[in-house]
Amino acid sequence: MNIGPHVLANNLFVAPMAGVTDRPFRMLCRALGAGYAVSEMVTSRRDLWQTLKTSRRANHEGEPGPIAVQIAGTDAPMMAEAAVYNVERGAQIIDINMGCPAKKVCNKWAGSALMQDEPLALAIASAVVEACAPYGVPVTLKMRTGWSQSNKNAVRLARAFEDAGVQMITVHGRTREQGYGGHAEYESIAAVKDAVRVPVVANGDITTPEKAREVLACTKADAVMIGRAAQGRPWIFREIAHFLSTGTHLAPPLVAEVKRLLLDHLQEHYGLYGEYTGVRSARKHIGWYVKGLPAAQEFRDRLNAIEDCTAQLAAVAGYFEELAVAHDRLPAPVRAGSDNEEEAVETVE
Ligand SMILES: Cc1cc2nc3c(=O)[nH]c(=O)nc-3n(C[C@H](O)[C@H](O)[C@H](O)COP(=O)(O)O)c2cc1C
């Protein structure tokens, strides 16, 4: 599969997730079978570009290409300027965020809220495409199925975006009104796929290899994008790839492999964030890795009291060494409730 001149390794994508899909996590997912990863969104507000948060998000050191940067905002000239700024700093693909219920930017709602104002949404797409054209950088866009149940305008918008020069469209199968509640539906994604010639990516609630196959089949989408199911489970991409090509399941990863992957992940995480922020922000990743595993709650409680890298690494190593006494391979996690219970916390900057 291609995005403009870029040939992707496969059609299994990591979803952009602010506060989650930073460079270390994207690289881990890529190493474990994802063909493509989009960065966390970067604001179009110039006054915030120099902040530590935005500069960390713009860090692509050592990341395999193509480097895709997602931008969020509500003003067409500002979005065009943000696109150029990121292209000049290494972005090879610019993705426009019309998909997440992002907080206010410049007193207007960004992200999926733009779907309610079709002329503005189109003006943004056209301005960004025009700004990227001299650099030969393709522009892609991520949206939802519509603003609300009674206003599902993804098909109309997708046609307009394609005419404006957008080269790939990702659709999360929920409306903006739904937030993360209810279930994703795939009929609207199939309708978008039917309506445009550019590649379409299906997203929303893909949590297993079977679901990936089902969504690819029922939408005819060119690719699937996985978000929350990859949290703490970055090997889901190789599991899906294996299932799609053979129809059989890979064995769960060895506990020893998970321990090594997580320890490496943590080292990269501390490298990006430093010790103080790194130890604290790593807790959520560690929590996802151990979610539903034996003695996970006690372990998380202990973890919250740890404030330095060495002790955090030792605690993680100890947890998995103990787990390995009884289990060669990762036991099936006992999941409480549905996957949709995960509340998404998204910030623009
Ligand atoms: C914590 C979190 C942060 C997110 N941040 C972004 C973002 O920066 N840009 C975006 O387009 N979507 C964002 N999303 C939405 C995801 O990309 C994806 O569309 C959504 O989670 C549905 O896919 P899933 O069911 O596979 O998780 C975020 C979702 C979560 C859970």
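User: Where is the place of Ala 295?
Analyst: Ala 295 is in the loop between α9 (255-290) and α10 (296-304). Bear in mind that this is a predicted model.

User: What is phi of Ala 295 near?
Analyst: Phi of Ala 295 is near 55 degrees, which is a positive value in a residue other than glycine.

User: Buried or partly exposed, that Ala 295?
Analyst: Ala 295 counts as partly exposed, with 44% relative accessibility.

User: Switching to the ligand. Which residues come nearest?
Analyst: The ligand has 20 residues around it, and the nearest are Pro 16, Gln 70, Asn 203, Asp 205 and Arg 228.

User: Which side chain has an N or O atom 2.8 Å from a ligand oxygen?
Analyst: That is the side chain of Arg 228. Gly 227 also has an atom 2.8 Å from an oxygen atom of the ligand, but there a backbone N or O atom is involved. On a nitrogen atom of the ligand, a polar side-chain atom of Tyr 180 lies 3.4 Å away.

User: How much of the ligand does the protein bury?
Analyst: The protein buries 97% of the 600 Å² that the ligand exposes when taken alone.

User: And what is the shell made of, by class?
Analyst: The shell around the ligand has 10 nonpolar residues, 6 polar and 4 charged.

User: Now the nonpolar core. Which residues touch the most other members of the largest one?
Analyst: Ile 94, Val 128, Met 143 and Phe 161 do, in a core of 67 residues. Helix α4 (residues 118-132) supplies the largest share of this core, 9 residues.

User: What is Val 128 in contact with, leaving aside its neighbours in sequence?
Analyst: With neighbours within four places left out, Val 128 contacts Ile 71, Met 79, Ala 80, Ala 83, Ile 94, Ile 96 and Val 139.

User: What about a second core?
Analyst: A separate core of 29 residues exists, including Leu 261, Val 290, Leu 293 and Ala 296.

User: Where is Arg 144, and is it buried or exposed?
Analyst: Arg 144 is part of strand β10 (residues 139-146). Arg 144 counts as buried, at 0% relative accessibility.

User: Which backbone oxygens lie by the side chain of Arg 144?
Analyst: A polar atom of the Arg 144 side chain is 2.9 Å from the backbone oxygen of Thr 175. The backbone oxygen of Gly 179 lies 2.6 Å from a polar atom of that side chain.

User: And Arg 329, where does that one lie?
Analyst: Arg 329 lies in the segment after α11 (309-326). At 38% relative accessibility, Arg 329 counts as partly exposed.

User: What does Arg 329 touch?
Analyst: Not counting residues up to four places away in sequence, Arg 329 touches Ala 251, Pro 252, Pro 253, Leu 254 and Val 255. The Arg 329 side chain reaches the backbone oxygen of Pro 252 at 2.7 Å.

User: Last one. Which peptide bond is cis?
Analyst: The bond from Gly 65 to Pro 66 is cis, with omega near -10 degrees. Pro 66 is in the loop between α2 (52-57) and β6 (68-72).

Key:
Residues numbered from 1 in each chain as written. Predicted model: local features only at pLDDT ≥ 70, side-chain atom pairs only at ≥ 80, totals over all residues. Heavy atoms only, no water. Near = heavy atom within 4 Å. Polar contact = N/O pair within 3.5 Å; in protein donor to acceptor, adjacent residues only side chain to side chain. Areas by Shrake-Rupley, 256 points an atom, 1.4 Å probe, with all protein chains shown as cover. Nonpolar A, V, L, I, M, F, W, Y, C, P; charged D, E, K, R; others polar. Core = buried A, V, L, I, M, F, W, Y, C linked by side-chain atoms within 4.5 Å. Buried < 20%, exposed > 50% of the residue type's maximum accessible area, 1.4 Å probe, protein only. Helix = DSSP H or I, 4+ residues; strand = E, 2+ residues; numbered from the N terminus. Contact = heavy atoms within 4.5 Å.
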